[in-house]
Amino acid sequence: MNRSYSTIIISFLVILPLQVLVFRNFVLYGTGFNFFYLFCLLLLPVEMSAIVGMLIALATGLIVDLFYHTLGIHAAASVLLMFLRYYWLRINGPRSGYEVNQFPTIPNYGFTWYLTYALPLIFMHAVTVFLMEAGNVSLAGQSLLRGLITAIISFIFIVLTQYFFFKKAR
Amino acid sequence: MSQLIAFLIRSRIVLVFLGLEAICLWLLIGNNDYQKTAFINGASGLIGSVSNTSRNVQDYFELKDVNQELAAENARLRMLLQNQQPISLDTLDQLLLQADSLDSIQYRYIPAEVVQNNFRQTNNFFMINKGSRDSIAAGMGVISSLGIVGKIRSVSEDFAQGISLLNTKNPISIKHKPSGRIGTLLWNGINAKSADILYMTPDVRISEGDSIVTSSYNAIYPKEILAGIVTSVETDANGTYLNIKIALSVDFARLSQVYVVKNEMKTQIDSLVNNNPLQQP
């Protein structure tokens, strides 16, 4: 249990500065953003209570917002992501069920499961961010396009990180 | 009761979620100007159409007062028309021909009707039934036939929301008419029929009954629009300024016909101000 806590804390300490200092500046053709910090939220243990998860998401989102100068947008979207994740994890469980003390990652549950777990959540988060940024629904088409591209880019980064740094739990 | 508590505990995740999202939205709308404007514009369009319907009913009860007010204004304008000197044909060489009506007219008045009006809060706003479609923009002044009403804050397609004079955050540059001294008019947030005049020094001779009018130091209102009549004057404890109270000329409790003031020279004035390199930010 201690090991899993330290992994989560280290991932927050590494990924959040990376997001606000490095990935913030990488925007593909003005449409493809990279919300890599969602990996921290997706990495939280499955058995964690939804309320604690949402509070962590609020804090994370506010930190990101401070650097993006959009106080409230990322926080709101992250809280929404954690709220949906709680139910999504229960609907979309792996065939053998969740193991205690195992991170919801690709080495533990496989790529197909992770795709159905993470991509819809990241997409929801990105669309929420862009719709709130636009402030009205007349830019909905553009927001959806941006959300889709952003979700795919973020997902690729998150998947690559797992292949590089995460091993199957024993 | 126990069932209620059980329900709250059962749905605690959803409640916490809604609470956190409310905090986020509050932060978002409070801190980001663009989202704030989008929120206000969306709200004023929706609320405006509802208020308009209820106003249509209310109009019938106020027809008599409005008629009297308009008749009085007509009479005043007719009097002004009589005083106008006829142009004599002999002095044709001195007659100026205007190529464009914009050259001579500085202020344009767009008539509008108030569809929603607050006057019991500390910071009051009102809404009129003309919007960007009638070339109304944020920052324009609003007057009625009796005096100053406020200025436009945000505009949707068919409605516009304005900051009332009855708003503690809406100071207006005014002039004491007999002496010509400039001061600031600010509502005190208490009585909808009176307001305070700030920054008048004791050397100005002000007596009860003097008129307070708008000064020419602003690009929003035309000069010499009546704001109110002085009701009490006293020196403050330090002897630095005068405490002046005025009775407002506009009765905000039955505000209905107003005119939006469009300053045709505003672009010129603003660009002149912005071009000045020595101007303080």
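Is Gln162(A) buried or exposed? I would like to begin there, and the answer, which like everything I say today comes from a predicted model, is that Gln162(A) is buried, because its relative accessible area is 0%. This glutamine sits in helix α7 of chain A, which covers residues 140–165. If we leave aside residues up to four places away in sequence, Gln162(A) touches Phe39(A), Thr105(A), Ile106(A), Pro107(A) and Tyr114(A).

Let me turn now to the place where the two chains meet. Here 23 residues of chain A are in contact with 16 residues of chain B, and between them the two chains bury about 1,600 Å², of which 77% lies on carbon and sulfur atoms. Three residues, Ile51(A), Leu71(A) and Phe83(A), supply 30% of the area that chain A buries against chain B, and that is more than any other three residues.

Which elements of chain A give two or more residues to the side that touches chain B? They are α3 (50–68), α4 (73–91) and α6 (111–134), and α4(A) gives the most, with 8 residues. On that side of chain A, the residues divide into 17 nonpolar, 5 polar and 1 charged.

Next, chain B itself, which has 5 helices and 12 strands. Buried residues make up 36% of its 281 residues, and, among the contacts in chain B with a separation of 6 or more, 60% are between residues 24 or more positions apart.

For a closer look at some of these strands, please find β6(B), residues 172–176, and β7(B), residues 181–186, which run antiparallel and are joined by 5 bridges. The two form a hairpin with 4 residues between them, and in the turn Gly180(B) has a positive phi of about 80°. Within this pairing, His176(B) stands opposite Arg181(B). On we go from β7(B) to β8(B), residues 194–198, which also run antiparallel, this time with 3 bridges, and here Leu185(B) stands opposite Ile197(B).

In one of them, Lys245(B) pairs with Asp196(B), the closest N and O atoms being 2.9 Å apart. Since Lys245(B) lies in strand β11(B), residues 242–248, and Asp196(B) in β8(B), the pair ties together parts that are 49 residues apart in sequence. Asp196(B) counts as buried because its relative accessibility, 18%, is under 20%, whereas Lys245(B), at 35%, is partly exposed.

Another salt bridge joins Asp158(B) and Arg133(B), at 3.4 Å from N to O. Asp158(B) is in the loop between β4(B) and β5(B), and Arg133(B) is in the loop between β2(B) and β3(B), 25 residues apart. Here Arg133(B) is exposed, with a relative accessible area of 58%, and Asp158(B) is partly exposed at 34%.

My last pair is Asp270(B) and Lys266(B), whose side chains meet in a salt bridge of 3.1 Å. Both lie in helix α5(B), residues 266–275, and they are 4 residues apart, about one turn of the helix. Asp270(B) is partly exposed at 30%, and Lys266(B) is partly exposed at 30% as well. Finally, salt bridges that share partners join Glu69(B), Asp251(B) and Arg254(B) into one network.

Notes
Residues numbered from 1 in each chain as written. Chains lettered and ligands numbered in written order. Predicted model: local features only at pLDDT ≥ 70, side-chain atom pairs only at ≥ 80, totals over all residues. Heavy atoms only, no water. Contact = heavy atoms within 4.5 Å. Buried area = accessible area lost by both parts, 1.4 Å probe. Nonpolar A, V, L, I, M, F, W, Y, C, P; charged D, E, K, R; others polar. Pairing = 2+ DSSP bridges. Buried < 20%, exposed > 50% of the residue type's maximum accessible area, 1.4 Å probe, protein only. Salt bridge = Lys/Arg side-chain N within 4 Å of Asp/Glu carboxyl O.
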